[in-house]
There are 2 protein chains.
Amino acid sequence: MTAPRNEGTLADRAYRQIRQDIIEGRLAPGQKLKLEALTASYSFGMSPLREALSRLTGDQLVITEAQRGFWVAPLSVEELDDISRVRALVETEAVNLSVRQGDAQWVQDVTDAFEELRAVERELPAAESPLPPNLGDLWEAKNRAFHAALVSACHSPWLMRVRDLLYQQSERYRRLSLKSSRGRRAVHEEHAAIFEAAIKRDALRACRMTELHVQRTADEVRLALAALKDAGQLTQAVA
Amino acid sequence: MTAPRNEGTLADRAYRQIRQDIIEGRLAPGQKLKLEALTASYSFGMSPLREALSRLTGDQLVITEAQRGFWVAPLSVEELDDISRVRALVETEAVNLSVRQGDAQWVQDVTDAFEELRAVERELPAAESPLPPNLGDLWEAKNRAFHAALVSACHSPWLMRVRDLLYQQSERYRRLSLKSSRGRRAVHEEHAAIFEAAIKRDALRACRMTELHVQRTADEVRLALAALKDAGQLTQAVA
DNA sequence: ATAGCCCATATTTTCGAAATTTTAAAAGGG
DNA sequence: CCCTTTTAAAATTTCGAAAATATGGGCTAT
């Protein structure tokens with residue numbers, strides 16, 4: 001059930017670990033990634049680290065300039081909007097295909113994932129209080145699993161690949177708003193609406209609800225992002 | 001006008017060169033990529049090569065298995081169909097945005113690119129004869145430039161990134177059918193139809209024509225692929 | 001024969017240092 | 001005083017070899 005997390009080459013592990021650190025915000029947007037410093041904080045050699053960073057540039061989580069090294073990709077409102085629009089396009093198509101093609105097992109998987117998500121969302125504190133970090137991590141995991149289950153029957157490896165890329169990006173943005181204690185709005189109702197439509201095989205409605213969900217999430221993140229920008233928290237270079 | 005092709009780090013150059021060799025078929029689908037052999041044929045050291053191959057796995061042009069090395073990504077009819085469907089989705093959205101937002105400069109760029117493509121397509125030999133390699137390269141370049149010009153006003157970096165990824169994949173498949181002397185059908189008429197609609201700002205028609213174009217290209221490649229598969233040319237490991 | 005094991009070889013992966021390039025500060029000239 | 005050039009330091013990139021891992025062939029036991 002649980003895959004050992006020290007699988008694969010050192011480069012693989014470095015890739016996964018740094019990716020997580022970027023998505024979860026432990027490495028700050030725009031931060032310079034000096035190889036020497038990284039060999040110290042992670043305990044990988046330079047070769048695995050370089051390989052990991054190279055691969056992360058493909059995910060647009062790291063940017064690079066020849067001979068000048070690597071940086072954590074910056075965040076911006078413009079990119080948030082761009083990602084959200086493209087993600088709406090791709091995710092709705094994946095949902096559409098999945099709802100139309102999903103078999104009984106898919107229904108079961110989606111239902112299970114939804115129940116687990118519901119359980120977590122029931123425990124969420126009121127809108128204004130900031131979310132404890134580990135609760136945030138748990139919610140992100142269940143949220144990711146729910147959306148992944150939804151599209152799992154689309155039977156299109158390429159659509160999935162692109163979707164995963166975009167999901168990853170949006171998760172990175174979303175974690176920002178989790179920390180900065182935005183109102184958590186009616187997120188569970190949105191999930192419930194998607195779930196209901198999907199189970200009823202109402203593909204059109206499932207798509208519309210998904211699109212709305214992506215848009216509203218973007219709206220929430222946009223507020224958090226603006227607040228951080230005012231506070232000057234965004235371009236800070238954390239050592 | 002012409003950028004020197006020995007720009008960037010060795011890893012950058014290796015990346016571009018190998019990518020081109022895969023797309024243009026000089027490295028065969030499924031072929032094992034042994035580091036030692038690559039250091040010999042290209043004259044890069046192992047480090048730049050490894051970095052290049054790592055980055056290419058992100059483009060899905062190379063696949064890798066931990067501790068077992070790298071292979072040129074295989075081709076298959078299933079993947080061709082998958083890529084074509086997703087590409088139709090993404091490319092039509094990009095065309096749609098571009099047609100609606102493109103300014104005078106965009107019209108000019110599209111027109112220029114179309115004229116250059118027309119000039120090449122006028123010279124194309126009759127449907128049954130195989131295309132000479134350099135004519136094929138020229139046509140591919142003009143075709144790529146035309147389609148790139150079409151979507152250049154979509155103003156969505158992420159849509160473009162995804163589009164480029166898919167275009168690259170489809171070009172790799174398409175080159176297969178160029179070599180194997182398939183009928184070249186009415187490809188110029190398809191381009192002309194897209195062009196006309198785009199210039200007239202008929203976004204819906206431009207999208208429909210683009211979708212048709214992608215589908216028909218896939219149909220043609222599918223035939224070529226089936227022919228190669230029968231001939232057993234596909235999984236051959238070229239030394 | 002055939003499956004399983006062991007060894008030699010081939011290959012990938014990683015390390016540590018050398019070479020190259022950038023950066024930033026100091027020196028020199030207008 | 002400011003701008004260019006020089007120089008030293010810092011960082012990236014690359015190389016070459018060592019370490020780790022996989023592969024394939026032959027051997028033995030069943």
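**Briefing: helix packing and the contact of chains A and B**

B:Tyr173, B:Arg174, B:Leu176 and B:Ser177 of H7(B) touch B:Thr217, B:Glu220, B:Val221, B:Ala224, B:Leu225 and B:Leu228 of H9(B). The model is a predicted one. Chains A and B bury about 2300 Å² between them. Two salt bridges cross that interface.

**Inside chain B: H7 against H9**

- The axes of H7(B) and H9(B) lie 8 Å apart, at an angle of about 65 degrees.
- H9(B) covers residues 203-230.
- This crossing of H7(B) and H9(B) is left-handed.
- Six nonpolar residues take part in the contact of H7(B) with H9(B), along with two polar and two charged ones.

**Between the chains: H3 against H3**

- Helix H3 spans residues 46-58 in chain A, and H3 of chain B spans residues 46-58 too.
- The two helices pack with their axes 8 Å apart and at an angle of about 35 degrees.
- H3(A) and H3(B) cross with right-handed geometry.
- From H3(A), the contact uses A:Arg50, A:Glu51, A:Ser54 and A:Arg55.
- From H3(B), it uses B:Arg50, B:Glu51, B:Ser54 and B:Arg55.
- Six of these contact residues are charged, two are polar and none is nonpolar.

**The interface as a whole**

- Chain A gives 26 residues to the contact, and chain B gives 26 residues.
- Carbon and sulfur atoms carry 66% of the buried area of about 2300 Å².
- On the chain B side, B:Glu51, B:Leu89 and B:Trp158 supply 29% of the area buried against chain A.
- Between chain B and chain A, 11 residue pairs are in polar contact, counting pairs with both residues at pLDDT 80 or more.
- H3, H4 (77-101) and H7 (157-179) of chain B each give two or more residues to the side that touches chain A.
- H7(B) gives the most to that side, with eight residues.
- By class, the side of chain B that touches chain A holds 10 nonpolar, seven polar and nine charged residues.

**Salt bridges**

- Side chains of opposite charge can pair when their charged atoms come close.
- Over all chains, the whole structure has 38 salt bridges.
- The interface of chain B and chain A accounts for two salt bridges.
- B:Glu51 and A:Arg50 join their side chains in a salt bridge, at 3.0 Å from N to O. B:Glu51 and A:Arg50 are also among the residues of the contact between H3(A) and H3(B).
- Another salt bridge links the side chains of A:Glu115 and A:Arg118, with N to O at 3.2 Å.
- Why are A:Glu115 and A:Arg118 separated by about one helical turn? The two residues are three apart in helix H5 (residues 104-123) of chain A, so about one helical turn separates them.

Methods
Residues numbered from 1 in each chain as written. Chains lettered and ligands numbered in written order. Predicted model: local features only at pLDDT ≥ 70, side-chain atom pairs only at ≥ 80, totals over all residues. Heavy atoms only, no water. Axes fitted to C-alpha atoms, helices over the stretch in contact; angles between N-to-C directions. Helix = DSSP H or I, 4+ residues; strand = E, 2+ residues; numbered from the N terminus. Left-handed = near helix turned anticlockwise from the far one by under 90°. Contact = heavy atoms within 4.5 Å. Nonpolar A, V, L, I, M, F, W, Y, C, P; charged D, E, K, R; others polar. Buried area = accessible area lost by both parts, 1.4 Å probe. Salt bridge = Lys/Arg side-chain N within 4 Å of Asp/Glu carboxyl O. Polar contact = N/O pair within 3.5 Å; in protein donor to acceptor, adjacent residues only side chain to side chain.
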